[in-house]
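Dear colleague,

I am handing over the structure we spoke about, and below it you will find my notes on what turned up in it. Please read them with the model open beside you.

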Amino acid sequence: MEVELKLLINANDVAALRAHPLLKEFARTAPRDQVMHDLYFDTPELQLRTAGAGLRVRRVGDEWIQTLKAGGSVAGGLHSRHEWETRVAGPVPDLALLRALVDRKSAWGQLLRTPGCEEQLLPIFSTQVTRTIWDLQLAGGDDIECVLDIGFLERDGQRIPVSEIELELKTGDPLHLFDVALALQQDVALQISNLSKADRGYALYVPQPVAAVKAQALVLHRQMTIVQAFQVIAANCLAQVQGNEAGVVHRLDTESLHQMRVGLRRLRCALDLFRGLQPLPAPLQADLDWLMEQLGAARDWDVLVGTTLPAVAAAARGEVRLAGLGLAALVHSREKHAAAAAAVGSPRTTRLMLGLARWLLVVGAQPDHLMKRLPGYSRGLLEHHQQRLRRRGKQLDESSAQARHRLRIAVKKMRYAIEFFSALYPAKKMRRYAEGLAMLQDQLGSSNDAAVADRLLRQLQDGPLELACSAGFVRGFLSAGAAIDDRLMREQARRFGAKKIPG
């Protein structure tokens, strides 16, 4: 199993990396350079890609080496994959040599033995990279290969640059890959990469539209330990967060920002649910709160521009013109998006993501000291949150913004908890429960959107008279609907508070 941490580096920072004192301190020998030419192969139907595998032939000097990588996982930039290598005579694969290495019962072993597979193979894309290698031995004895790759991927004359670092664990603890990355990142701006060269090369072959990344399906098993369940949940949340980074940084995309924020909220909920395992270190918690704040500021203006103002305009039926107000709000939205993009692309966020991934390994290394099995533990959590939700619902009679806020947070946490643990309970009953919870959350969300809109509109009222009049109209319109919303919320909260967790 190959285990490596992938990081992106700006070409302007390469000189600083080469001179970094950590590389000089722990390098066993002088760095060495290699010029590598790779050809990646697949069938016209991309059978290897579909099976989660990648096949390349690499030329280094006068040697040709074929490599098959398959399976494994990617989390927080840490890539773990099965790898098989053999020398070949030339620039084409020899599947007979790989068949001797790969378990014939595995999906990849069966694919290699598919009749006609080898005859259908064709080059998909190529790479040309100059690689610098440092063989590191850390103070604790871990052997790590640090490589710097500079070059490009190419298909049909189209090129995309390669400028990345790979920290491959030869012997030792994967935890120390993150220690090296964090030490380098103190002086050199790096970004986590969850994409391999194969991922990027296939995107040249079959371009995919860039889209916001929602949470992937999450399935827990009743046989899992509590620690294992937490690691799966947290990794799922981080995948959603990191999957939307490019959309936030490079496209200022509103949906990518929303989904990244959802991923962070899910992560915070998971940390709360499993806080008995091991507390998140204070510096990581501070950075997590900071990033949420940066994204939240942009999201507030997005909701005003994209949801609240259009809804008011439609309901007002032309009684007032809100185009100028919408334009002014859009200017604020774009400013906040630029600030959010800078925050997400900053070294602070990279440190946060590396730190969270490292911390998850620390949590996983500790004994599972909670004696309850996962079903019993999750049941206790859900019942506790249901009771808290019921109490918060009763407090709505206070008709205060604070009471609504407390209930909204309780509902949101409960919905994420249901999402995390739903596979452990009857699907049909859990789905009905989640639907009722979603209706209450939507009602509370609309109320919160109106409150946030009122705060933002007060800022816009300080502008020109026409803008102030429009903002005042919208604030009054939203205020008029607040009493009706409060009654609906109280009714829904009472109904839902009487429900029981599906058994």
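At 2% relative accessibility, Phe274 falls under the 20% limit and therefore counts as buried; please keep in mind, here and below, that this is a predicted model. Phe230 also has a relative accessibility of 2%, so Phe230 counts as buried too.

I then turned to the aromatic rings, where the count comes to 8 aromatic pairs. In one of them, the ring centres of Tyr40 and Phe125 are 4.5 Å apart and the planes meet at 15°, which is under 30 degrees, so this pair is stacked. Because Tyr40 belongs to strand β2 (residues 32–42) and Phe125 to strand β6 (residues 122–137), the pair ties together parts that lie 85 residues apart in sequence. Both Tyr40 and Phe125 are buried.

Phe230 and Phe274 make another pair, with ring centres 5.2 Å apart and planes at 45°, so this one is classed as tilted. Here, too, distant parts of the chain are linked, since Phe230 sits in helix α9 (residues 226–243) and Phe274 in the loop between α11 (254–273) and α12 (282–316), 44 residues apart. Phe230 and Phe274 also belong to one aromatic cluster, together with Trp359, Tyr377 and Phe421.

His337 is found in helix α13 (residues 323–344), and its relative accessibility is 4%, so His337 counts as buried. Leaving aside residues up to four places away in sequence, His337 touches Leu252, Asp253, Thr254, Leu257, Ala298 and Asp302.

Finally, the strands. Strand β3 (residues 53–60) and strand β4 (residues 63–75) run antiparallel and are joined by 8 bridges, with Arg58 standing opposite Ile65 in β4. The two strands form a hairpin with 2 residues between them, and Gly61 in the turn has a positive phi of about 65°. Strand β4 is also joined to strand β5 (residues 78–88) by 10 bridges, again antiparallel, and the bridge partner of Thr67 is Glu85 in β5. β4 and β5 form a hairpin as well, with 2 residues between them and a positive phi of about 60° at Gly76 in the turn.

Note on methods: Residues are numbered from 1 along each chain as its sequence is written. This is a predicted model: local features need pLDDT of at least 70, side-chain atom pairs count only at pLDDT 80 or more; totals for chains, interfaces and linings use all residues. Side-chain values use heavy atoms; hydrogens and water are left out. Rings of Phe, Tyr and Trp (its six-membered ring) pair if their centres lie within 6.5 Å; planes under 30 degrees apart count as stacked, over 60 as edge-to-face and the rest as tilted. Helices (H or I, at least four residues) and strands (E, at least two) are DSSP runs, numbered from the N terminus. Buried means under 20% relative accessible area, exposed over 50%, partly exposed in between (1.4 Å probe, protein chains only). Contact means heavy atoms within 4.5 Å. Two strands pair if DSSP finds at least two bridges between them.
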